[in-house]
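Okay, thanks everyone, let me get the model up on the screen. I'll go through a few elements and then the packing.

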Amino acid sequence: AMTAMPGAEGGSGYVEIPATPEMCAYCFEVVIAHLQGSPAPPLPANVNPAANHPLFVTFSHSPDDALRGCIGSLRAVPMSRAGEYAVMAAVKDQRFSPIRLDELPGLTCSVSILHDYETAPSATDWVIGEHGIIINFRSDRGDRYNATYLPEVALEHEMTHQSALQSLVKKAGYRGAMDAKLLSQMEVTRYKSTKAKLTYTEYFQKYRTAA
């Protein structure tokens, strides 16, 4: 799921910065505070709150990495909003029921920071496992559709370029066929990301703020 799409400026690229386990730990703490009705913790000292980057926060089940919630922005947003996206990923992803406090010990948090946006010369001109992609297209009626997969999605689900695009078309809410005409009209933006993952167990053992 996403909360914003880049416009024409999306091809200008965003600089690469590392996602860190500390960011994932912070996301866990923000979600715990939200679910407990407590004040949100401060952003980690090594994260510049004014730095602007596109980012996604993902929660998944620790044993099998099955998705539990994912929300982010394809436009650059201040890093001070990372906690806001963590809460949205936990309780606002409409594909899933809200995450409960007693579920958290079985979950993993991932933070992805996106960079190097560029227009793909063709719909299949991107590298599986290296690039995330954003598709944009219009139906014959003029309705706009868009969707994205982060770089790891196609690789982890053993997708081909064709099956990834077909899945994204469906994810975008389009119910028609992905035929040659649709492919020829599709705009594809490719991007890269840095990603950090942290299980709740790792968070609890290494990063948990003392009560």
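So, how many bridges join strand 1 to strand 3, and in which sense do they run? Seven bridges, and the two strands run antiparallel. Before I go on: this is a predicted model, where local features need pLDDT of at least 70, side-chain atom pairs count only at pLDDT 80 or more, and totals for chains, interfaces and linings use all residues. Residues are numbered from 1 along each chain as its sequence is written, and side-chain values use heavy atoms, with hydrogens and water left out.

Helices (H or I, at least four residues) and strands (E, at least two) are DSSP runs, numbered from the N terminus, and two strands pair if DSSP finds at least two bridges between them. To place that pairing, find F56, whose bridge partner in strand 3 is S112. Strand 1 also pairs with strand 2, residues 67-78, antiparallel over eight bridges; there, S60 has L67 as its partner. Eight of the 10 residues of strand 1 are buried, where buried means under 20% relative accessible area with a 1.4 Å probe, protein chains only.

Now helix 1, residues 21-36. Its 16 residues should span 22 Å at 1.5 Å a residue, and the end C-alpha atoms are 23 Å apart, so that agrees; the expected span is 1.5 Å times one less than the number of residues. Its buried residues include C27, F28 and V30. Among the elements covering them are strand 1, helix 2 (82-91) and helix 6 (200-206). Just after the helix, G37 takes a positive phi of about 70°.

On to the cores, meaning sets of buried Ala, Val, Leu, Ile, Met, Phe, Trp, Tyr and Cys residues joined through side-chain atoms within 4.5 Å. The largest has 36 residues, and V57, F59 and L104 touch the most other members. Helix 1 gives the largest share, nine residues. If you click on V57, its contacts (heavy atoms within 4.5 Å) include C27, I71 and Y85. There's a second, separate core of 31 residues, with I134 and L182 among them.

Last one: T148, in strand 5. It counts as buried because its relative accessibility is 4%. A polar atom of the T148 side chain lies 2.7 Å from the backbone oxygen of I133.

Conventions
Buried means under 20% relative accessible area, exposed over 50%, partly exposed in between (1.4 Å probe, protein chains only). A polar contact is a pair of N or O atoms within 3.5 Å; within protein, one must be able to donate a hydrogen and the other to accept it, and residues adjacent in sequence count only if both atoms are side-chain atoms. Lists of a residue's contacts leave out its neighbours within four places in sequence.
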